[in-house]
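Hi,

Here is the structure I promised to pass on.

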Amino acid sequence: MSLTVVTPAAGADRTRPDVPLVIDARGGIAVPVFVNGAGPFTFILDTGASRTIVADDLARLLETPVVARSEVVTSAGSDVRPVVRLASLALASARAEAVLAPVLPAGNLARLGRGVRGLLGQDFLSAFNYTLDYRRSRLTWDEALTCDAPGAVRMTAAEGRFVVVADADRGPAVRLVPDSGAEVAVLFRGRVPRRPVSRLRIGGVTLDDVPVAIVDREDPNADGLLPLHGFGAVSFAAGGSCLIVRR
């Protein structure tokens, strides 16, 4: 099933205004999103999610058509949920059309923060060059990001998400999903080094004293999740080709 058709083409424009970010104590990012021209509604920007998700009460409010049913995997398990077609989805002037979004109960999304009506995933985000500036609590659009720049880290696509290789201080390198929705670093059981990890190096930046959670999860494409709020800023190239992290 095709998930989305994105307009405009990959890339960003410096005429796009910066977007203010509301960053909670766990590093979660809330942004104002327009759906079908209505809003703005509060969505969680989640670079670790492959698909955009919408709350059931918002889907009813906007009378979005149900076009399919699909399995949705969350931390609580998996469930088959309705999928609706969103005519348009916009964050500032970045816009996508004909987005197919699974629907979750509003109460589930409310656990992510007060008033949260959806989750903005890579089916939207990966069309653009953008920077999450944690120090200034801003999302900025970058005209060009070169993956040959010092500190740039190549990413590989994995089921709608992206994976980077991080050097660990103890044991082999690990494949991590850059995840703005992760509170701490996560390693999946079975991928855990024999000795606890306390340091991770991404590009030219080293994170020391990294808190790590071990979870029971099987993922052939990744060894865990990399939280992004420990960096000063993180830039993503359109199409998920690379990212650049800064202190």
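This is a predicted model: local features need pLDDT of at least 70, side-chain atom pairs count only at pLDDT 80 or more; totals for chains, interfaces and linings use all residues.

Residues are numbered from 1 along each chain as its sequence is written, and side-chain values use heavy atoms, with hydrogens and water left out.

**Aromatic pairs**

Searching the whole structure gives three aromatic pairs (rings of Phe, Tyr and Trp, the last by its six-membered ring, pair if their centres lie within 6.5 Å; planes under 30 degrees apart count as stacked, over 60 as edge-to-face and the rest as tilted). One of them is the tilted pair of Phe124 and Phe128, at 5.4 Å centre to centre with 50° between the planes. Another is stacked: Tyr130 and Phe236, at 5.2 Å centre to centre and 15° between the planes. Tyr130 lies in strand E11 (residues 130–133) and Phe236 in strand E22 (residues 233–236), so this pair ties together parts that are 106 residues apart in sequence. Strands (E, at least two residues) and helices (H or I, at least four) are DSSP runs, numbered from the N terminus. Both Tyr130 and Phe236 are buried. Ring pairs also link Phe124, Phe128 and Trp141 into a cluster.

**The sheet**

E11 and E22 belong to an open sheet of six strands, in the order E2-E12-E11-E22-E23-E13, with antiparallel pairing (two strands pair if DSSP finds at least two bridges between them). At the edges are strand E2 (19–20) and E13, each pairing on one side only. Three bridges join E13 and E23 in the antiparallel sense, and Ala152 has Ile244 in E23 as its bridge partner.

**The disulfide**

How many disulfides does the structure hold? There is one (a pair of cysteine sulfur atoms within 2.5 Å), and it joins Cys147 to Cys242, S to S 2.1 Å. Cys147 lies in the loop between strand E12 (138–141) and strand E13 (152–154), and Cys242 in strand E23 (residues 242–246), so the pair ties together parts that are 95 residues apart in sequence. The torsion about the S-S bond of Cys147 and Cys242 is about -85°, so the disulfide is left-handed. Both cysteines, Cys147 and Cys242, are buried.

Best wishes

Notes. Buried means under 20% relative accessible area, exposed over 50%, partly exposed in between (1.4 Å probe, protein chains only).
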